[in-house]
Amino acid sequence: MQYSDSLPAHNAESLLVHFRRAELLKERAVEFKSVNLNPSQLCNLEMLLNRAFYPLEGYLGREDYKSVLSDMRLRDGTLWPLPICLAVSEEFAAGLSEGECVAVRDAEGFMLAVLTVSDIWKPDLKAEARAIRDPFPEGADGCHGGLVEPWYLGGRVEGVSYPQRYDFTDFRLTPAEVQRFFVQKGWRKIVAVQAGRPLHKADRAMLEEIAHDQGASLLLSPQLKPSMYFSVDHFSLVRSFQQFVETFPRSMAKLNLTPWFERRMGPRGALLRAIVNKNYGCTHMLVWDGAKAEPRQNAFSEEYEAHIRWLADRQEETGIIPVAEHCMALDQASCRYVRSDGGGRCVNDHNAVVKRLTLGEPVPEWMSFPGVLKELSRTYKPRWKQGITLFFTGLSGAGKSTLAKILFVKLLELNSRPVTLLDGDIVRTNLSSELSFSKEHRNLNVIRIGFVASEIVKNGGVAICAPIAPYAESRRHARGAVEHYGGFVEIHVCTPLSVCEQRDRKGIYAKARAGIIKGLTGVDDPYIEPENPELRIDTSELSPNEAAHEILLYLSEHRFI
Ligand code: PPS
């Protein structure tokens, strides 16, 4: 079947309704049940509304869903490789009937669309995953939106508003706007290039080769994660793309941000990407060799070549010609990447660039562009410029607070970063005053400390925390929150209980032994020792100054200071 034969005859640029209809829908929505979308569902809705998912006019109904899984086609024969349905909880589905309208809202409750429900069903997720993985064994995400036992809704969608986006709005064009741009500029052949990592000089040389080979221009889009707003990487990726696109003549490359995100759905995902790219007005699409995480010798795997052939077999219908990566090699004489069909490497220099930036080493000129590096170096800093958390844990009286205070002063004296002290008492007074010393509340207390520390580290500061933190789970949680943005050094102050009790500066152990206080850590409440802390310090063997010096030595050896 020809691509054009299979398209329904309508030409609406978006599924947004006229504002008068939108007003009516908003009034009526008071009576509708509501679904709040998670970030990936929000991207799907945006792609429906802006017609990147043309010709879909809403979420797939049950019969279309089945047909997509079995034949990669809608019931009318249109090629469509992946289900786009609205996943809801069983409880929500149980209260709905077919024909009913549902208000589709963002996380804040702002109404974006109205779905007229045509079908409600419980999908067999295992069968769905099996079908999607066929014909190649790849990881599959489906459209269950992260729900564990979802039900699916299908039906026509009437758009009230696009999801609100506040970042990079200058180049978030809809498919129709992008296509108009191409027409205005007289671009007839366009290669779509999506990438989930920053691009460098090897990529630039390859893209220029491809553009010249095809006589085409380039539409470059960073591939975003649904959780984009919680990740500094998102901003750094997009800004690096801005810089990268600037290295091309204006007549050759255009940057656009699409709400498309990586779905890990193998060939079917690539096919959907082809359809979406066609809807943005492109004619070709670069297909990266997904298996190639690291540079490796000579050319491509058979799977990759089979994948390209598989997409090429369907290009009549998708309207998109798949383009494979080229092998590139560094020409030593000119220090430039050149095409190398007879050998060479499929080059991905990104990991090497990040490694050099985080080690504080210079990045060779042939590897990347100054503008791209400037953007990336704001995110990928050497350890001594990153934020860091010093996380002291140990029994009451072990010496955590004393050490924390010495380190606080020493690091202020170095004056390289802002330093914040989150001592147990400070936190209990200002952040967790309503919490008790139950297991649940202690974990919550430590999770809160981890959150505050991660915010400090995200902004390049030093957080010094000194709670007892008796449980492994909340310590792990705090580490996870912080390590996303910088260093986490766990220091187990392992002074024996007998010494802590002997010191008993607050008289707390005496009270516990007398039964006045219940649930004191180490006496009648557990302390789970950390298995792999970065440091263990026993203050019964070292003076406070000696112990602090050990910690400073560790920080310096590991290049944190
Ligand atoms: S936890 O477990 O991490 O939430 O504890 P933390 O916030 O560090 O609070 C410990 C300080 O509270 C005092 N205190 C108790 N500690 C342990 N168990 C019980 N039942 C208890 N009741 C009060 C104690 O003085 C701790 O202070 P530090 O500075 O550790 O000696």
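How do the residues of the shell around the ligand divide into nonpolar, polar and charged?

## Ligand shell

In this predicted model, the shell residues divide into seven nonpolar, five polar and five charged. Ala, Val, Leu, Ile, Met, Phe, Trp, Tyr, Cys and Pro count here as nonpolar, Asp, Glu, Lys and Arg as charged, and the others, Gly among them, as polar. There are 17 residues around the ligand, and S396, R428, R442, A469 and G519 come nearest (a residue is near if one of its heavy atoms lies within 4 Å of the molecule).

## Polar contacts and cover

A polar backbone atom of A469 is 2.8 Å from an oxygen atom of the ligand. For the side chain of N445, the distance from an N or O atom to a ligand oxygen is 2.9 Å; for the side chain of K506, it is 3.0 Å. On its own the ligand has 630 Å² of accessible area, of which the protein covers 89% (Shrake-Rupley method, 1.4 Å probe).

## Confidence and conventions

The protein has a mean pLDDT of 90, and 91% of its residues reach 70 or more; pLDDT is the predictor's confidence in each residue, from 0 to 100.

Over residues 1–5 pLDDT stays under 50, and the model has 10 contacts for them beyond four places in sequence (contact means heavy atoms within 4.5 Å). Residues 135–140 also stay under 50, with 16 such contacts.

Local features need pLDDT of at least 70 and side-chain atom pairs count only at 80 or more, whereas totals for chains, interfaces and linings use all residues. Residues are numbered from 1 along each chain as its sequence is written, and side-chain values use heavy atoms, with hydrogens and water left out.

Technical notes:
Polar contact = N/O pair within 3.5 Å; in protein donor to acceptor, adjacent residues only side chain to side chain.
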